[in-house]
Amino acid sequence: MITQEQFDSEVKMIIANAIREDVGDGDHSSLACIPENARGRAKLLVKDKGIIGGVNFAKKVFAYVDKNLKLDVRIEDGTEVSFGDIVMYVEGPSQSILKAERTVLNAMQRMSAIATKTRMFVDLLEGTKTQILDTRKTTPGIRVLEKWAVKIGGGENHRFALYDMIMLKDNHIDFAGGITKAIEMTKQYLKDTGRNLQIMVEARNLVEVEEILRNEGVYRILLDNFDYEDTRKAVKLIGDKCLTESSGNINETTIRFYAECGVNYISCGALTHSVHNMDLSLKAIK
């Protein structure tokens, strides 16, 4: 995963771009009818149920828009919420509250949905040694927010992008001319470039698992679209030689069965690509 410094930099870029996109040369609706010196107060209201996410992101957005805005947070990230709950109050220049409103709500609705779905999967894995991972199947431009939301929901982050882990998938292997050749070339590349990156290799069947194990230096084996029986066989075959991960159309019905096969991780793209946004709103208090 990326460093905290990289994480913070990504968040700052997202906020700056979101405000640029939404405000442009001015919030003319507010400028037209709200005096510059007007002050107001608003509440962030939950109109749904699930796990709230994005509270700490909202703090950063409000501070970016106007450091004079004051927040009174009543519910923190990762908390279960229901209809009618008030997550926070914001007070200060009315124009600034309205300028930040849509960026805050868009992000929090999405992050809360992801946190909620992740928590559901985490609960389904309770009592096993398996951890749930996200993937790179994220919304372009806001990956860091979606992976942040997975953490809020109790999941773990997979690699952030193409640059922080070597992941040899089926296409890499086929283009390189086979598993062993792909691994050997990768190790030489890391040596030549002085990079210290973990190597993960995808296996499509048990024969490929055996070939991967004949090569040293593999950190994790990805068992892609294995059935339960072959997953159990693969876990036994791999033992403690490296870590194991299951992936491929795993859902709430099947995830527990894969975990009980003994894999260390299960990755699930649906955590970020198939969620229904939580309904939130920001309402002025008269």
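## Exercises on helix packing and aromatic pairs

In this predicted model, helices α3 and α4 are roughly antiparallel to each other.

**Exercise 1.** Work out how the axes of α3 and α4 are placed relative to each other, and which residues make the contact.

*Solution.* Begin with the general rule that two packed helices are described by the angle between their axes and the distance between the axes. For helix α3 (residues 55-65) and helix α4 (residues 94-124), the axes come within 9 Å and cross at roughly 160°. Angles over 145 degrees count as roughly antiparallel, and the two helices therefore fall into that class. As to handedness, the crossing in which α3 passes α4 is right-handed. On the side of α3 the contact is made by V55, F57, A58, V61, F62 and V65, while α4 contributes S96, K99, A100, T103, V104, A107, M108 and M111. Sorted by class, this contact has 11 nonpolar, 2 polar and 1 charged residues.

**Exercise 2.** Find how many aromatic pairs the structure holds, and describe the pair formed by F57 and W148.

*Solution.* There are 4 aromatic pairs in the structure. A pair of aromatic rings is described by the distance of the centres and the angle of the planes. For F57 and W148 these values are 6.4 Å centre to centre and 90° between the planes, and the pair is edge-to-face, since planes over 60 degrees apart count as such. Because F57 lies in helix α3 and W148 in helix α5 (residues 143-152), the pair ties together parts that are 91 residues apart in sequence. F57 is buried, with a relative accessible area of 1%, and W148, at 14% relative accessibility, also counts as buried.

**Exercise 3.** Describe the pair of Y228 and Y258, and decide for each of these residues whether it is buried or partly exposed.

*Solution.* The rings of Y228 and Y258 form an edge-to-face pair, with 4.8 Å centre to centre and 65° between the planes. Y228 belongs to helix α9 (residues 228-238) and Y258 to helix α10 (residues 255-259), so this pair ties together parts that are 30 residues apart in sequence. With a relative accessibility of 30%, Y228 counts as partly exposed, whereas Y258, at 11%, counts as buried.

Definitions and conventions. Residues numbered from 1 in each chain as written. Predicted model: local features only at pLDDT ≥ 70, side-chain atom pairs only at ≥ 80, totals over all residues. Heavy atoms only, no water. Axes fitted to C-alpha atoms, helices over the stretch in contact; angles between N-to-C directions. Helix = DSSP H or I, 4+ residues; strand = E, 2+ residues; numbered from the N terminus. Parallel < 35°, antiparallel > 145°, perpendicular 65-115°, else oblique. Left-handed = near helix turned anticlockwise from the far one by under 90°. Contact = heavy atoms within 4.5 Å. Nonpolar A, V, L, I, M, F, W, Y, C, P; charged D, E, K, R; others polar. Phe/Tyr/Trp six-rings, centres within 6.5 Å; stacked < 30°, edge-to-face > 60°. Buried < 20%, exposed > 50% of the residue type's maximum accessible area, 1.4 Å probe, protein only.
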